[in-house]
Amino acid sequence: MKLYRPATVLVGVLFVLLGGVTRLLAPDQVYDKQELQVVSGTIGETIKVHDSTFTVTRMKFAKTYLPDDSGGDDKPIDTNGVYVAVEWEAARGVKDPGSFDEILVADGGTIYEPVAQADDIRFPEPGFAKSGATVFEVNPTDVKGLTLQLDPVQFYNVLNYRVEVDLGIPSEDVAQQLLDGAAEQYVVQDSVERVAS
């Protein structure tokens, strides 16, 4: 059995400590995911994800929603809050941008998960575009500053994109106008796939 000399062990410990101190001198490198690039935009703005594009085409507020696959059961699903329907279009380039989990983030940091969606936000085959809608149930007192956030589903460590779309609700006054004008019902349509233009 070979024993290491104390000087060799001491040099090894010194290098580990120097590495830790170097990381602490740049705290942004410690906490940020270096393989994650954030791209952002607003409603109607085309956002590049690798060589693909993602666009939020419209946002609607509604008091109830009706799934498209209701099978003739015309009972809308209501809420004590408000439903926010985000309609989107994803066009695929050559490189696969991967798939995304979508959430809605309010100004105060509250996170809302989808309650209904035409389809997951997955990009279609190269040269095709897909449009769909995602519905979120939101607290009506927490509407200001809503942002749609698409987080990549990571299976391996490569450069990924997080997409953030500002839904254009800068103040409580604008939020109240949208709540007052909420539609009685939103029908979730199936996603549509077509050749990209």
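This is a predicted model: local features need pLDDT of at least 70, side-chain atom pairs count only at pLDDT 80 or more; totals for chains, interfaces and linings use all residues.
Figure 1. Leaving aside residues up to four places away in sequence, Thr 134 touches Val 84, Ala 85, Val 86, Trp 88, Glu 102, Pro 114, Ala 116, Gln 117 and Ile 121.

**Figure 2. The aromatic pair Phe 54 and Trp 88.** Three aromatic pairs are counted in the model. In the pair shown here, the ring centres of Phe 54 and Trp 88 are 6.3 Å apart and the planes meet at 25°, so the pair is stacked. Because Phe 54 belongs to strand S3 (residues 52-67) and Trp 88 to strand S4 (residues 77-91), the pair ties together parts that are 34 residues apart in sequence. Both Phe 54 and Trp 88 are buried.

**Figure 3. The largest nonpolar core.** This core comprises 32 residues, and those with the most contacts inside it are Phe 54, Phe 61, Leu 104 and Leu 148. Two or more residues each come from strand S2 (47-49), S3, S4, strand S5 (100-105), strand S8 (128-138), strand S9 (147-152), strand S10 (160-166) and helix H3 (172-180). The most is given by S4, with five residues. A second, separate core has nine residues, including Tyr 65, Tyr 83, Ala 133 and Val 188. In soluble globular proteins, nonpolar side chains tend to be buried together.

**Figure 4. Contacts of Leu 148.** Residues up to four places away in sequence are not counted in this view. The residues touched by Leu 148 include Phe 54, Val 56 and Val 86, as well as Glu 102, Ile 103 and Leu 104. Also touched by Leu 148 are Phe 136, Val 163, Glu 164, Val 165 and Leu 167. Leu 148 is one of the residues with the most contacts inside the largest nonpolar core.

**Figure 5. The open sheet of five strands.** The strand order is S1-S10-S9-S5-S6, and the pairing is mixed. Strand S1 (36-42) and strand S6 (111-112) stand at the edges with a single partner strand each, so one side of each has no neighbour in the sheet. S5 and S9 run antiparallel and are joined by six bridges; Ile 103 has Gln 149 of S9 as its bridge partner. S9 also pairs with S10 in the antiparallel sense, over four bridges, and here Gln 149 stands opposite Glu 164 of S10.

**Figure 6. Strand S9 and its two faces.** Six of the six residues of S9 are buried, so this strand is largely enclosed by the rest of the structure. In a regular strand the side chains alternate between the two faces of the sheet. In S9, Thr 147, Gln 149 and Asp 151 point one way, whereas Leu 148, Leu 150 and Pro 152 point the other way.

**Figure 7. The protein as context for the close-up views.** The secondary structure comes to three helices and 12 strands. The protein has 197 residues, of which 36% count as buried. Its accessible surface is about 11,800 Å², and 53% of this belongs to carbon and sulfur atoms. Of the contacts between residues at least 6 apart in sequence, 71% join residues at least 24 apart.

How values were computed. Residues are numbered from 1 along each chain as its sequence is written. Side-chain values use heavy atoms; hydrogens and water are left out. Buried means under 20% relative accessible area, exposed over 50%, partly exposed in between (1.4 Å probe, protein chains only). Contact means heavy atoms within 4.5 Å. Accessible areas come from the Shrake-Rupley method with a 1.4 Å probe; for residues, only the protein chains shown count as cover. Rings of Phe, Tyr and Trp (its six-membered ring) pair if their centres lie within 6.5 Å; planes under 30 degrees apart count as stacked, over 60 as edge-to-face and the rest as tilted. A nonpolar core is a set of buried Ala, Val, Leu, Ile, Met, Phe, Trp, Tyr and Cys residues joined through side-chain atoms within 4.5 Å. Two strands pair if DSSP finds at least two bridges between them.
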